[in-house]
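Subject: Structure handover

Hello,

I am passing this structure on to you. Please look through it first; my notes on what was found follow below.

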Amino acid sequence: MKVTAMDIYKLLPKTNCGDCGEASCMAFATKLSEKETDLKLCTPLDPEGMEKLEKILAPAVREVKIGKGDKQVIIGGDEVLYRYELTYYNPTALVIDVHDELEESELEERIKIIENTEFERTGELLTLDAIAVRNKSGDKNKFIKTVSRLKNSIYPLILCTLDSDNMKAALEVVGDEKPLIYAATEKNLEEMGQLALDYQCPVALFVPGDLEKMKQLSHSLRSRGIKDIVLDPGTFVGEGMGDTLDNFVMIRRLAVEEKDEDFRFPIMGIPALMRLDNTDDPVTKGIKEATVAATMLNKYADILIFNGTDIWELIPVLTLRQGLFTDPRKPQTVDAGLYEFGDVNEDSPVLLTTNFALTYYTVEGDLKSGKANTYLLVLDTEGRAVDVSLAGGQLNGKSVADLIKETDIENKVNHKKMVIPGLAAPVSGEIEDDSGWEVAVGPRDSSAVPDYLLEKL
Amino acid sequence: EDFKPPIQDYPGKVAEVQLGKGSRKPVYLGGQQALYRFEEAQPNAPVVTFDVFDIPMPGLPRPIREHFADVMDHPGEWAKKAVNEFGANMVTIHLIGTGPKVMDKSPREAANDIEEVLQAVDVPLVIGASGDPVKDPLVLEKAAEAAQGERCLLASANLDLDYQKVAQAAVNNDHAVLSWSITDVNMQKTLNRYLLKEGLTQNDIVMDPTTCALGYGIEFSIDIMTRTRLAALKGDKDLQMPMSSGTTNAWGSREAWMKKDEWGPTDYRGPIWEIFTGLTMMLNGVDIFMMLHPTSVKLLREIGETFVK
Ligand code: B12
Ligand code: SF4
C-alpha cells in the first residue's frame, strides 16, 4: 500500500518554514507521497525523523543500481500492483547475453549489435540497458578474457557463473564497476554473499520454483547485511509458463501488499531460455522469446535477459515497455504552435495535426524522412490523437481558427490554404467557415504526406 | 515468519457465458472467482475466434492474405480453413459487405452468408456487422434469426445504435450480445445496465472495453481491463461479465504493417504485434480474442492454456 500524505505529515517538523520550497509541510508531504520531491529538501528535519521517514518512504520494491556513473541502470522502485493506481517506476532493464565461447569476431559483432540497437518512438530513443556475460565454458581464464573485453562496453554488466572462484576472478577485473553478480544459489550462498559484500555489488538470488526456500535464502542474505538483491524465481517456458507467472505475481504481491521484507526486491526473468534449449527454427524461437518477455514485462519483471538480437523481435518489446511505464497521471503532449520543416518561405504549404505526442512524432518522422519543406500547425487537443479529438470535440473549426491567429501564420505565408489529416475530413467545412481558409483533406496516414505535397502542390 | 502464498478473497464472481448450442460444440467464457490459478482453479481457458469476412476483404495485410487467398470468395470455406488448419476455437463472421458504402448487401443476403458458415463449421460463431449504426441492428436481427438456437455472439450493441433491437434479437433467438464501450468503465457500466433491462442476463453478455493496440495506447486498455475485472471480483454486478478483445486492432499500428528495412520483415513484426496485444489483454483479464494471423492464434492459445491449467 502507498503511504498517505497524512502519515508523512505527522513526522515532519510542522513549522511551515518553507525551506523545502513548498508553502507548507502538508504541501511537501503531499509531494513526497507522489514522489515528486526529495525528502532531503526539508533541512530542519532531525536525523531521527529523517530515518523514520526514509523508512516509510522506501518503495515497496527496493531500487537496485547495476553499474555506476554513466554506465548504470536502476531497477525496482515500484509501489503498486496495477499501473492505474499510481504509475510504474524504472522501466524494466533489457539485457542481452554473450558468452565466453564465442569466437573473437562473433563477440565483437554481437557487442556492436547490442550497443547499436535503438528504436525511436514518440520522440524517445529506446535502447537496451546492460550486457550479461555467461561463463559457458566453465573455464576461469576464458571468462576473465571475455569480461575484460566487456569492461569497455557502453553498458553495465551482469556476471553469470555459479562458480564462486570464477566469479571472484571476474570481480577482480570489473568489480569496481558494480556489476550484478548472477547468481547466489542454495549451494554457493556463503561465497557469493561474501563476494557481494567484499565488492559492494548487487547480487541475484536464483531459487527456481520454490518461493519458500527463496524466502529463507533471501532472509539469510539480508541478515548478513546485504541490501541489494535481485530475485530470480526461475523462468519456466513452454508448459511451465503458468508457474513462472504465478511465482512472479506472488513475489510482487508479497512485496507490495504484505510488505514481506524478504521479497521487497526487483524480479529477474530470462526469456533467453526460450532460445537456448529449443529445436524450433530461429524465427519461431524469436517470436516465442518475445512472447515470454511480453508476459513477464506485463507481470512485474524488473530485468530481463534475452539471447535474440533481431530488431523485429526487440521493437515490440521496447514498445510494450514504453507503454507500460508511461505515467498515467501525465498527458503525453508536445507544445502546441507552429513548427517548420526544411526550408520554408511564404509559398510553403501549411499542414495541421494535434499535440498528442504519438501523433506529432509520427508526423514529424514522416516529414523529416520525406524531406518535406512545410509549416506544421500543431493544435492543442490536450494530448489526443486526430480521431480521438475529433470524437471528443477538441478538434473543431473554432479551435483551428484560434490557432491560426495565435501563430500568426497569416503573416508568414502568402496564401490561405491548409492540409488537414484525412481522418479530420468531417470538420473540413467547419474549419473553412470559422477561419476563412481553404481546406484540403490530406491522406489518412501521414507517411503519404511528402508525396502528396509533391503531387498536389 | 513462514512463507504463505498471497491468496486473496474475492466476494464477486465473473459470470459464465456459453457460446454455441444446437448444432455447435459449446465454448464457455468467464466463470473466474479469482485473478490467478494459484488462488483458485480457473474454470475456462482463453478462447480465440478467427476473423472471417463475407467479402474478399481488400485491406487485409499481406501476411494474412497469403494464408487465405484461395478461400476468400467463400466465407464458408474461409471459416473451414480457420478451424481445420489453424485450430480456431470459434469463428467471427464480419458482415462487412452490408456496409452502405461497401456493397450494401441486404440483411437477407447477410442471413444467407450466416447459413453458409453455419453449414461449413461446427464451432460457435461471433456475428459482426459492418459498423454502420443505422443498418447494423437490422443486419444483426436477420442474422440472429438465421442462426436461431445456435447461441452466437452478436457484435455489437453500443450506445451509438439501436442496442434495444440488438438485445431483442438475442433474447428472441437465444444468442449472447457483445457490449462495446470505448475505453470508459462508466460507459461500459451504463450500457450493461441498459442491456440487462432489455431482458438479457449476466450470462448473455460479453464486454468489449476496446483494445488499443501495442504502441497505440495499449496502456489505456490495460488500465480499463484491470479496473473492470477487479470491480467484477469485488462484486460490481454491472461489470461481472467476461471480456473480449478486438486483438486485430494490432494490425492498425504502423510497426505491424509498414515496410521499413531498419525494422526487419513485416512477416514477423505483424504476428508479434498481434500476440503482444492479445497477451497483454489476457494478462489483464480478457477471455476471448478476435484474431487474424495463424501464428498468433496458435501461440496465444498455447500460452493461454498454461495460465489456467
Ligand atoms: C488510444 C485511443 C483513445 C485514448 C486516447 C489516446 C490519445 N491520447 O489520443 C482514450 C482512451 C483516452 C480515448 C478516448 C476516446 N476515444 Co478513442 N481511440 C483510441 C485509439 C485506439 C487509438 C488512437 C491513436 O492513438 N491513434 C494513433 C495516432 C498516431 O493516430 P492519428 O492521431 O490519427 O494520426 C495519424 C493520422 O491521423 C495521420 N495524420 C496525423 N496528422 C496528420 C496531418 C496531416 C496533414 C495528414 C495528411 C495526416 C495526418 O497520420 C497519423 C499516423 O497514421 C482509436 C482507434 C484507432 N485509431 O486505432 C480510438 C478512437 C479514435 N476513439 C474513439 C472514440 C469514440 C473515443 C471517445 C469519444 C470515447 C469516449 N470514451 O468518450 C473518447 C474521446 C476522448 C476525448 N477526445 O475527449 C473512436 C472514434 C470514432 C469516430 N471516428 O468517431 C475510435 C476510432 C475507436 C473506434 N473504433 O470507435 N481513445
Ligand atoms: S522544509 Fe520541512 S519544515 Fe519547512 S515547510 Fe518544508 S516540510 Fe515543513
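Please keep in mind that this is a predicted model.

Start with the shell around ligand 2, which by class has 7 nonpolar, 3 polar and 1 charged residues. The residues around ligand 2 come from chain A and include the cysteines A:Cys17, A:Cys20, A:Cys25 and A:Cys42. Also among them are A:Pro13, A:Phe28 and A:Pro44.

Chain A itself is divided into domain 1 (5-57), domain 2 (64-324) and domain 3 (337-456). Between the C-alpha centres of domain 1 and domain 3 of chain A there are 46 Å.

In chain B, 8 strands make up an open sheet with parallel pairing, in the order 8-7-6-5-4-3-10-9. Strand 8 (205-208) and strand 9 (244-245) of chain B each have a single partner strand, so one side of each has no neighbour in the sheet. Strand 9 of chain B runs parallel to strand 10 (residues 288-291) of chain B, and 2 bridges join them. B:Ser244 has B:Ile288 in strand 10 of chain B as its bridge partner.

The largest cavity holds about 380 Å³. Its lining consists of 27 residues, and B:Gln32, B:Leu35, B:Gln42, B:Met282 and B:Gly285 lie nearest the centre. Strand 2 (27-30), helix 7 (218-234), helix 9 (266-283) and helix 10 (294-308) of chain B each give two or more residues to that lining. By class, the lining of the largest cavity has 16 nonpolar, 7 polar and 4 charged residues.

Regards

Terms used:
Residues numbered from 1 in each chain as written. Chains lettered and ligands numbered in written order. Predicted model: local features only at pLDDT ≥ 70, side-chain atom pairs only at ≥ 80, totals over all residues. Heavy atoms only, no water. Domains from an automatic or database assignment. Near = heavy atom within 4 Å. Nonpolar A, V, L, I, M, F, W, Y, C, P; charged D, E, K, R; others polar. Pairing = 2+ DSSP bridges. Helix = DSSP H or I, 4+ residues; strand = E, 2+ residues; numbered from the N terminus. 1 Å grid on protein atoms, 1.4 Å probe; cavity = no way out; pocket = protein on both sides within 12 Å on 5 of 7 lines; lining within 4 Å. Points joined across faces, edges and corners; volume = space filled by probe spheres on them.
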